[in-house]
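Please keep the sequence and the structure open while reading.

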Amino acid sequence: MSGSGMPVVTGLGVVAPTGMGTETHWEATLAGKSGIGPITRFDASGYPVRVAGQVPGFVAAEQLPSRLIRETDHWTHMGLAAAEAALADAGVVPAELPEYEMAVVTSSSSGGTEFGQHEMERLYLNGPSWVGAYQSIAWFYAATTGQVSIRHGMRGPCGVICCEQAGGLDAVGQARRLVRRGSRVVVTGGTDASLCPYGLVAQLSSGKLSGVDDPERAYLPFDAAATGYVPGEGGAMLIVEDAASARERGATVYGGVAGYAAGFDPAPGSDRPPALRRTIERALADAGIGPSDVDAVFADACGNPDDDLAEARAITEVFGPRGVPVTAPKTLTGRLYGGGAALDVATALLALRDDVIPATAGPARLAPGCDIDLVLGQPRDGELRTVLVLARGYGGFNAALVLKK
């Protein structure tokens, strides 16, 4: 039976460069405390990118059984920890619910890159007999979904969305769809962890990463001095459920998933416009609201001048010049790929809860043509009822999500 009412978010689990835990992340975000610094997970001195957002203090052995650690990648370790935290935050005890009424949908971008790299090292240094059996599953994009499903006995509809940075919003959109089709609880969101030599080389191929070594100047979206973005690891997991069932069990509700849309940009050289404006308009229509109803926009904020200008124009075309406050708290974490938009959703829900828009750390002088009201310096207080979260993925993916208090 389909659920009634707007699907809502009742639990958050955050594992991010800004900190382990939802409130730690939120406090750092409001204080403008950056999690970006020199890469320490490996020696990056010979690489053109040497700074990143790394999760501080994450020790897999403190979070997971040793068997799972051996069988899975760092990305899945963080996803399992975030899912555990989100379930606890929501007060959901999976053992008390029907297994086929619980679902898992996550976002993934790079998969288990570090695990795969180590297995390739064993292959080329020692031979094929040294490659472990878990290579076949630990790298796979659906590994985190599968491990969360197995760990918590969730046997409803499970899946993974592979749309790079846009995937975090697409996963939440799919979670909303599953709740409307009758799933009682959906674990959704995403994490990513590609800060290893193989993973970084793969990212460099996009040509969009910043080579600036100063952590405070490397990632400046919408700024005249923008040079690209900083990579990062981590993300967030969320619990989405039917509003009526959430009320029945007295759950705390962070906000409702009111609208969602996805789009895809035309091929380079096409005379058709980028898809982001249409994606925003469709998400607003899906939520049954107009531009004037949106109190803040959490931007994708690529940090690449051309991409920034395209996003600023899409926002301006929908809301008017400086027509809505815009923020990009991801300048404190870097872009987390499969985990980035999910973390933005968590941050936007906390903004709704506390009626404050976090500032965008770093940018100081907007680039020509970026005629947006970017929140700079200090967080901006004010009643928030509705926020829009935007995300774009490498290759043309676009997504927009409307959250309501």
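In this predicted model, Asp344 is in contact with Phe298, Ala299, Pro329, Lys330 and Val389, once its neighbours within four places in sequence are left aside. Asp344 belongs to helix α13, which covers residues 340-354, and it counts as buried because its relative accessibility is 3%, where the cut-off for buried is under 20%.

Tyr337 is buried, with a relative accessible area of 5%. A second residue other than glycine with a positive phi is Phe222, for which the value is near 70 degrees. Phe222 is placed in the loop between α9 (197-204) and β8 (234-241), and at 0% relative accessibility it counts as buried.

Helix α12 spans residues 305-319, and its 15 residues reach 21 Å from the first C-alpha to the last, which is close to the 21 Å expected at 1.5 Å a residue. The buried residues of α12 are Asp307, Asp308, Leu309, Glu311, Ala312, Ala314, Ile315, Thr316, Val318 and Phe319. What covers these buried residues includes helix α11 (276-287) together with the strands β10 (296-298), β11 (325-327) and β15 (386-393). Just after α12 comes Gly320, which takes a positive phi of about 90 degrees.

Two packed helices are described by the angle between their axes and the distance between the axes. For helix α5 (residues 113-126) and α9, the axes come within 8 Å and cross at roughly 115 degrees. Thr113, Gln117 and Met120 make the contact from the side of α5, and Pro197, Tyr198 and Gly199 make it from the side of α9.

How many aromatic pairs does a search of the whole structure find? The search finds six, and two of them are set out in the table, among them the edge-to-face pair of Phe42 and Tyr47. A pair of aromatic rings is described by the distance of the centres and the angle of the planes.

| Ring pair | Centre to centre | Angle between planes | Arrangement |
|---|---|---|---|
| Phe42 and Tyr47 | 5.5 Å | 80 degrees | edge-to-face |
| Trp139 and Tyr141 | 5.7 Å | 75 degrees | edge-to-face |

The pair of Trp139 and Tyr141 is called edge-to-face because its planes stand at 75 degrees, and that label applies to angles over 60 degrees. Phe42 is buried, with a relative accessible area of 13%. Trp139, by contrast, is partly exposed, with a relative accessible area of 34%, and Tyr141 also counts as partly exposed, at 29% relative accessibility. Ring pairs link Trp139, Phe140 and Tyr141 into a cluster.

A ring also takes part in an arrangement with a charged group, in that the charged end of Arg335 sits over the ring of Tyr229, 5.3 Å from the centre of that ring.

How values were computed:
Residues numbered from 1 in each chain as written. Predicted model: local features only at pLDDT ≥ 70, side-chain atom pairs only at ≥ 80, totals over all residues. Heavy atoms only, no water. Helix = DSSP H or I, 4+ residues; strand = E, 2+ residues; numbered from the N terminus. Buried < 20%, exposed > 50% of the residue type's maximum accessible area, 1.4 Å probe, protein only. Contact = heavy atoms within 4.5 Å. Phe/Tyr/Trp six-rings, centres within 6.5 Å; stacked < 30°, edge-to-face > 60°. Lys NZ or Arg CZ within 6 Å of the ring centre and 35° of its normal. Expected span 1.5 Å × (residues − 1). Axes fitted to C-alpha atoms, helices over the stretch in contact; angles between N-to-C directions.
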